[in-house]
Amino acid sequence: MTIKKSSLASWIMCSRPKTWAIALSPVLVGLSVAFFDTHTIDWSIALATILLSVLMQAISNMDNDAAYTRRNAERANRNGLPRATSLGLLSVARVEKAICLLGVIVAADTLFLMISGGWVIVLISIASIVAAYLYMGGPKPLAYTPFSELVCFLFFGITAVCGTYYLQTHSLSVPCFLSSCAVGSFATAVLVINNYRDIAHDASVNRRTLAVLLGPEKTRLLYTCLVLLPFAACFGMILSDYRLLTVAIVLLLLPECLHLMKTLPVTQGEALNSVLFSTVKLELFFSVLLALSIVTAKLLNS
């Protein structure tokens, strides 16, 4: 399909809605654990949290698209999804203006959540802004280092789930932390696949990602550990509170995990994009199933 310059399709390519599940998943889980502990949800805060998470993911995707073109880091040996700016469908300047516009909405949303959540949310917001800038900004972007996976785990897992939970309860809990590790592990697995797919390209542009340093075999092992860790975390949740036995239903997704683990070693090049999006879908299905099982646990024990 031919995409016209500055068309809606070009903006969709730039913002990559298919990855928004990575942002939505931790919010769904955080809200469900908060409901389990309090039997109530502040929907104004919940909706503001959802909006903020989606906008931050979209901004991150758009900044990533523009930053690579700005740095002239695109090479013919890259197997990743096409970038709107590198294809000339959108100018870097126009994408940056759109990011600034979305940033205004994010700032207003963040201010509302800061007022609701207090100093803890202020610190989380500042840390998130700094991390977002450092990921592709500055002289040594985190995306060019082996630390991007750690940042992903911390912010798309622990920070996102626990932050969502804290906004509702002004406290933390063991199930909340364990569920954040589960979600963060899947989010990190998505990034691992992304960097695994582009090992040759990243090495050619001196991008020293964790996948480049580990090599293909160890990176596949890391992926295996990351997609299995969420099930161990759910087992920990059951041990922490027997009422959460319902979360065992996530085991229904274990066969899909095993399928992806077997598919990865025999998949190369652009075909890895299907593994990447399958992992994104797996994270979303896992999060929805986990959230529903936690809500069910609360209703059964009310």
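**View 1. Around Y223, the contacts reach well beyond its sequence neighbours.** Leaving aside residues within four places in sequence, Y223 is in contact with A189, V192, I193, L260, L264, V275 and T279; contact here means heavy atoms within 4.5 Å. Please keep in mind that this is a predicted model, in which local features need pLDDT of at least 70 and side-chain atom pairs count only at pLDDT 80 or more, while totals for chains, interfaces and linings use all residues. Residues are numbered from 1 along each chain as its sequence is written, and side-chain values use heavy atoms, with hydrogens and water left out.

**View 2. The largest nonpolar core has 66 residues.** A nonpolar core is a set of buried Ala, Val, Leu, Ile, Met, Phe, Trp, Tyr and Cys residues joined through side-chain atoms within 4.5 Å. Buried means under 20% relative accessible area, exposed over 50%, and partly exposed in between, using a 1.4 Å probe and protein chains only. Y223, V247, F286, L290 and I294 have the most contacts inside this core. Two or more residues each come from α2 (21–38), α3 (43–70), α5, α6 (148–169), α7 (174–197), α10, α11 (254–263) and α12 (272–300). The largest share, 13 residues, is given by α7. Helices (H or I, at least four residues) and strands (E, at least two) are DSSP runs, numbered from the N terminus. Another core, of 22 residues, lies apart from this one and has A48, A84, L90 and V95 among its members.

**View 3. Helices α3 and α6 pack with their axes 10 Å apart.** The angle between them is about 160°, which makes α3 roughly antiparallel to α6. Axes are lines fitted to C-alpha atoms, for helices over the stretch in contact, and angles run from 0 to 180 degrees between N-to-C directions. Angles under 35 degrees count as roughly parallel, over 145 as roughly antiparallel, 65 to 115 as roughly perpendicular and the rest as oblique. At this packing, I45, A46, T49 and Q57 in α3 meet F156, T164, L167 and Q168 in α6.

**View 4. Is Q57 buried or exposed?** Q57 counts as buried because its relative accessibility is 5%. This residue of helix α3 touches T19, W20, I22, A23 and F156, not counting residues up to four places away in sequence.

**View 5. H39 and H170 each have a positive phi.** H39 sits in the loop between α2 and α3, and its phi is near 65°. With 41% relative accessibility, H39 counts as partly exposed. H170 is in the loop between α6 and α7, with a phi of about 55° although it is not a glycine. H170 is partly exposed too, at a relative accessible area of 44%.

**View 6. A107 belongs to helix α4 (residues 92–117).** This alanine is partly exposed, with a relative accessible area of 45%. C-alpha to C-alpha, A107 and L52 are 9.1 Å apart in space and 55 residues apart in sequence.

**View 7. Confidence is lowest in helix α5 (residues 119–136), at a mean of 81.** The score is pLDDT, the predictor's confidence in each residue, from 0 to 100. Helix α10 (residues 216–240) has the highest confidence, at 96. The protein chain averages a pLDDT of 89, and 95% of the residues score at least 70. A132 lies in α5 and counts as partly exposed at 38% relative accessibility.
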